[in-house]
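Please describe how the ligand is held and how the two chains meet in the structure shown here.

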Amino acid sequence: MNRLKERSYTLGEIEQGKPCCVPQPHLQIQDLTVGYGAKTVLSQVSLDIYQGCITALIGPSGCGKTSFLSSLNRLSDHHADAHVSGKILFDGQDLLHDPVDTLKLRRRIGMIFQKPNPFPLSIWRNLELPLKEHGVRDRNVRHHKIEQALKDVGLWDEVSDRLHSSAMALSGGQQQRLCIARALVLEPEILLMDEPCSALDPIASAVVEELILRLRGRYTVVIVTHNLAQARRVANYAGFFWMTERVGQLVEFGQCQHLFEAPTHALTAAYISGARG
Amino acid sequence: MAERIFSWLIMVCALLVVAALLWVLSDVVLQGAAHFSWQFLFDAPTDAGRGGGIAPILVSTLWLLLIALTVALPLGLGVAIWLSEFASSNSRFANSTGITLDILAGVPSIVYGLFGNAFFSIYLGLGFSLLSGGLTLACMILPVFVRTCEVGLRTVSNDWRRGALALGMTRSTAIWHILLPAARPAIVAGLILSIGRATAETAALLFTSGYVDRMPGSLLDSGRALAVHIYDLAMNVTGGDGAAYASALVLVTLIIVLNTLAQSLVDSWFKRRLVLA
Ligand SMILES: Nc1ncnc2c1ncn2[C@@H]1O[C@H](COP(=O)(O)OP(=O)(O)OP(=O)(O)O)[C@@H](O)[C@H]1O
Ligand SMILES: [Mg+2]
């Protein structure tokens, strides 16, 4: 356990010429442990999520990546038997111990799921409903924000003529981009993405990936992906999770390039070379 | 070969059912039409129902239905929402509520009649009245309505619940704007079942709303339901067959009209929220 902690940080200098990646922690996670009932699925994870950067989390199935993400926006509250301990520092608050308004928190920390989940409403209503929910009363303001969000994800040109028809009729890739727009319309600071491309075909996946790259700098992104090449292409930082005795742990965390080109841990090296993935 | 026999068997089953239905229906329509005139709907019955019409009976029936639905629909929807959205799956109370509802759904309606008589008519002092009858009907349709709506809500994709939570929406918004509209087909089905059962009920009403065939002056007056009227004409009144068939024709038509009405009302109410895919 101690050995692991010493290795938790292998941060080097930030790549020059990418002003978005000022290494300033936006979220500081300390000793995060997640369990369901009597079972611990993730143990003692500590890492910083840097502002404006893309952090990719990789690792085999079942090692607790989704559980990790859901702790960050307290979605874990809604699993009856989930328990989360440790510290998550965000904006001077400990999300796990200080009194936090989770509704406001989730406006600031958005989440995208593996399976696109647009509501069975019109494209427009999908974006309008969350805005109304968060008290944006002015119709013109809403209109402006919705248009902007759809433009940000590159959907505006594709759907501007059918904004009031069902979002369920969109293609998978368009649905996923709509979900991203739905999160962006609330102007979050952080976006958590849980395998956002894995339900999409390669072309749609490439479109979403390009979109994620464009988010860099404006938003802090944490992305879970099984696609190592994708992680390598988009991320500034990367973390590698692994299961030891059926408990997930963070084995290595550092700059993406370092992690992929010169991993410090044998498990990481083996995983990224495909030996044990 | 076996495949052929199988599909023939299925065809025969379908034909048998359709034939039986058509036979019953055509019997009611042909025999009913012989005795039916528009005046039949607007006259009071004379000579124990052999002559005249069914105006007061129609009015009583509609009152009974109105009372039953006004009580059962909001209450039932509330219980269904609680069971599917709020009660945890291993809560003892929720499970026993569910089992109780299933048992109640199978209780013969005469038992509801006895209960309604003891509780509403005698204990609450409502006597033989439309109110007693309507409330008894409400108790009777509640279990099926709750279970249908609950199942409908449970089949709504969890992705939408998670999506709504991750956007910082309250659960009530999610239920009201997303889950209930998405469960619309089940709610309509429950409504139609309820209307059908309540409109066609006799046994539960004999001891609660009674069989006085005068026009009810208030909800505390006794009133005769259409189904009770048919039963009385067929069983106790010699020479009442013609009027019984005509009343049956009205009953069948009434149920069809009410179902269509209920369906289009619910549809139009939800359509403002939901764009059907
Ligand atoms: N609600 C829950 N109740 C009980 N156990 C759960 C729950 N959610 C997840 N688990 C368990 O926790 C472990 C970690 O699951 P998690 O979904 O976080 O893994 P993951 O890394 O996201 O996997 P994948 O790559 O397949 O998405 C798994 O063993 C899973 O069975
Ligand atoms: Mg996962």
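## The ligand shell and the chain contact

By class, the shell around ligand 1 is made up of three nonpolar, seven polar and three charged residues, where Ala, Val, Leu, Ile, Met, Phe, Trp, Tyr, Cys and Pro count as nonpolar, Asp, Glu, Lys and Arg as charged, and the others, Gly among them, as polar. This is a predicted model, in which local features need pLDDT of at least 70 and side-chain atom pairs count only at pLDDT 80 or more, while totals for chains, interfaces and linings use all residues. Residues are numbered from 1 along each chain as its sequence is written, chains are lettered from A and ligands numbered from 1 in the order in which they are written, and side-chain values use heavy atoms, with hydrogens and water left out.

Among the 13 residues around ligand 1, those that come nearest are A:Ser61, A:Gly62, A:Thr66, A:Ser67 and A:His226; a residue is counted here if one of its heavy atoms lies within 4 Å of the ligand.

| Residue | Atom of the residue | Distance to an oxygen atom of ligand 1 |
|---|---|---|
| A:Ser61 | N or O atom in the side chain | 2.6 Å |
| A:Gly62 | polar backbone atom | 2.8 Å |
| A:Glu195 | N or O atom in the side chain | 3.2 Å |

Taken alone, ligand 1 exposes 630 Å², and the protein buries 67% of that, with accessible areas coming from the Shrake-Rupley method with a 1.4 Å probe and, for residues, only the protein chains shown counting as cover. Strand 2 (39-50) and helix 2 (65-72) of chain A are the elements that give two or more residues to this shell, and helix 2 of chain A gives the most, with three residues. Helices (H or I, at least four residues) and strands (E, at least two) are DSSP runs, numbered from the N terminus.

Turning to the interface, 27 residues from chain A and 20 residues from chain B take part in the contact, which means heavy atoms within 4.5 Å. Chain A and chain B bury about 2100 Å² between them, with 68% of it on carbon and sulfur atoms; buried area is the accessible area (1.4 Å probe) that two parts lose on being put together, summed over both. A:Phe119, A:Pro120 and A:Glu133 supply 26% of the area that chain A buries against chain B, more than any other three residues.

Between the two chains there are seven residue pairs in polar contact, both at pLDDT 80 or more. The side of chain A that touches chain B divides into 14 nonpolar, eight polar and five charged residues, and its largest share, four residues, comes from helix 4 of chain A.

One salt bridge (a side-chain nitrogen of Lys or Arg within 4 Å of a carboxyl oxygen of Asp or Glu) is found across this interface. It joins the side chains of B:Asp159 and A:Lys115, at 2.9 Å from N to O. Within chain A, A:Arg125 forms a salt bridge with A:Glu128, the closest N and O atoms being 3.3 Å apart; these two residues are separated by about one helical turn because they stand three residues apart in helix 4 of chain A.

Note on methods:
Polar contact = N/O pair within 3.5 Å; in protein donor to acceptor, adjacent residues only side chain to side chain.
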